[in-house]
Every structure is written in C-alpha cells, then in structure tokens.
Amino acid sequence: MRTRRLTRDAMLTAAALILYAVEAQLPPLTPVPGIKAGLANIITVYAAFALGGADAAGILAARVLLATMIAGSPAALMYSAAGGAMCLLAMLGLRRILSRDQIWVASVLGAAAHNLGQVAVAVAVTGTPGLIAYLPLLIAAGMAAGLFTGLCAQLVARRLGKRG
Amino acid sequence: MKQKYSNRFWAVLLAAAFALCALSAWLVMRPAAGRRALARISVDGEVVREIDLSAVDEAYRFELCTPYGANTIAVRPGGICVEDADCPDRVCVRTGWLEGGLTPIVCLPHRLVIALAEGGDGLDATAG
C-alpha cells in the first residue's frame, strides 16, 4: 500500500514539474511581477481534494524544492514556498464546506491566497509596505488563473474518480 | 459529498470579489500626475535616493548599484522608470514608466523598490 501511494504521489509531482517547466517557457503575460497562469497548481488543487492534506503537502513541497533546484534561485524559493503554503492551507480549509464538484471554487480562492502569501513575503523582504498596492491586481489576475486551473483540476478529478 | 453552499452562491461571491479587486486595481494604477511626484528609491527597505519628479527639466539616467546587482534608472519630467537591469527576470524593466500611480516599480532580485509619495511640488521644505 505504501508503495502505491508513494508512486502515485511521485507521478503527480513529476506532472506538476512538467507543467511548471512548460509554463516557464511561455513569454510573460504582463510586466507586473507575479502574474502567471500557475498551471502546476492544477495538481495541487486536485491532490488537496482527492488525496488529502498529507499527500498534497508532500507533492507541493517536493515540487517547489525540485523546481527551485532545477530552474530557480534560492530567493525565488521563498516566494514559491510562501505562495504554495498559503494556497494549500486555504484549500484544505475550504474542503470542509465545498463538495467534490466545487473544486474550481477552492482553486480561485487558493490562487488569491497564493498571491497574498507572495506579496507578504515581498513586503517582508524589501521592507516596503507600498507593495501592497499590487495586491488588488494580483488577486484579480490570480482569481482568473485560479478559475482556469480549477476547472482543469475538476476535470481531472472527474476522470480519475475515487481511486485517484 | 455534501454541498454547504450552492454553486450559484459561490459564483456570485467570487464574481463580486473579483469585480472589487479589478476596480481597486484600476483605481490604484492609473497615473495621477501632479499629486505624487516624489520618487523614493529604496534598497532593502532603506531609502537611498529621493527625486522630485516635478522639478525635473531634462531627462537623465543614472546607474544604481545594489549589493545584489545594478539597475539603470531613467528620469524624465514627472516620470521615472528602470531602463535596464542585470537581474534574471527583468520585470522591473518591463514595468515601464511610473508617473503618479500607487503601484511601485519593483526589482525583487535586487531588493529594489521605486515608489511615489506625496509632495515634491518643487519646494524643499516649508516653515510654518
């Protein structure tokens, strides 16, 4: 049983890394820092709802660490980790009031939480609270991206069914 | 599984939240030339340079070296921007000109923030 779970989570981590790498190849959408589609979160959202907190956290941690080692700087790790952690916490909390068919809702709010985490870290690191001015734009864009990734995760959950 | 709130509830709530964010983003980002003309350049949270944009007659540029890298900053009457930088993502360069808006220009790898503040109306100080 443990092997099966480990293998499944490892495959999902690989899928998340691929999504991340593919997205990194796309040209930036806007000059505003932090606006991205966040495709790798499709895996995080799916895992949070279909597999549970422990698996989702493990997949997220592995993905963030590996992605930073492969194609990022230690500084970027902070932002990824903060954003990802906030997103996961939000989604795990929302699991209590959302059904399996409302994964898209969790994704939208998770994306907003993600941006909140990133801005918080940026403010702490640069020491300028003025960065909060970017929050409305980031959250709006994040919600839109979260809707897209949420719908994708919803489809994945539907296809994979209960067995994950 | 149980559904505590309906899909429609969430759709309305999220749409409202989105509209609120989009509106405040627009309010915050539009250029409000004239009111905010004092550019504050800070690295690691410490102000290293202040420029009164309303007192600028001719455009000029200068290089700012931080412990993390260098940014070339361009200044023109009423505006400031990062023209060039050696950071890996160059988001600061792509942000473009800052002319009165609330959102600052940020270079995260260099811990650099250029923000506009009230004041800078050509006066150095007032005594009352």
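**A buried glutamate and the chain interface**

Reply: A:Glu23 is buried, with a relative accessible area of 11% (buried means under 20% relative accessible area, exposed over 50%, partly exposed in between, with a 1.4 Å probe and protein chains only). This is a predicted model, in which local features need pLDDT of at least 70, side-chain atom pairs count only at pLDDT 80 or more, and totals for chains, interfaces and linings use all residues. Residues are numbered from 1 along each chain as its sequence is written, chains are lettered from A and ligands numbered from 1 in the order in which they are written, and side-chain values use heavy atoms, with hydrogens and water left out.

Me: Where is the place of A:Glu23, and which backbone nitrogen does its side chain reach?

Reply: A:Glu23 sits in helix α1 of chain A; helices (H or I, at least four residues) and strands (E, at least two) are DSSP runs, numbered from the N terminus. Its side chain reaches the backbone nitrogen of A:Ala37 at 2.9 Å, and that of A:Leu39 at 2.9 Å. A polar contact here is a pair of N or O atoms within 3.5 Å; within protein, one must be able to donate a hydrogen and the other to accept it, and residues adjacent in sequence count only if both atoms are side-chain atoms.

Me: Which residues does A:Glu23 touch, not counting those up to four places away in sequence?

Reply: A:Glu23 touches A:Lys36, A:Ala37, A:Gly38, A:Leu39 and A:Ala40, where contact means heavy atoms within 4.5 Å.

Me: And A:Leu17, is that buried or exposed?

Reply: A:Leu17 counts as buried because its relative accessibility is 18%. This leucine is also in helix α1 (residues 2-25) of chain A. Leaving aside residues up to four places away in sequence, A:Leu17 touches A:Arg63, A:Leu66 and A:Ala67. A:Leu17 and A:Leu66 are 49 residues apart in sequence, with 7.9 Å between their C-alpha atoms.

Me: What is the mean pLDDT of chain A?

Reply: The mean is 87, and 98% of the residues of chain A reach 70 or more; pLDDT is the predictor's confidence in each residue, from 0 to 100. Among the elements of chain A, α1(A) has the highest mean pLDDT (91) and helix α4 (residues 74-94) the lowest (87).

Me: Changing topic: what area is buried between chain B and chain A?

Reply: About 2,700 Å² is buried, and carbon and sulfur atoms give 73% of that. Buried area is the accessible area (1.4 Å probe) that two parts lose on being put together, summed over both. In chain B, B:Trp10, B:Leu14 and B:Leu108 lose the most area to chain A, together 21% of what that side buries.

Me: How many salt bridges does the rule find across that interface?

Reply: The rule finds zero salt bridges between chain B and chain A, a salt bridge being a side-chain nitrogen of Lys or Arg within 4 Å of a carboxyl oxygen of Asp or Glu. Four residue pairs are in polar contact between the two chains, both residues at pLDDT 80 or more.

Me: Which elements give two or more residues to the side of chain B that touches chain A?

Reply: They are α1 (7-29) and α2 (91-95) of chain B. The largest share of that side, 12 residues, comes from α1(B).

Me: Last topic: what is the phi of B:Arg90?

Reply: B:Arg90 has a positive phi of about 55° although it is not a glycine. B:Arg90 lies in the loop between β5 (79-85) and α2 of chain B and, at 33% relative accessibility, counts as partly exposed.
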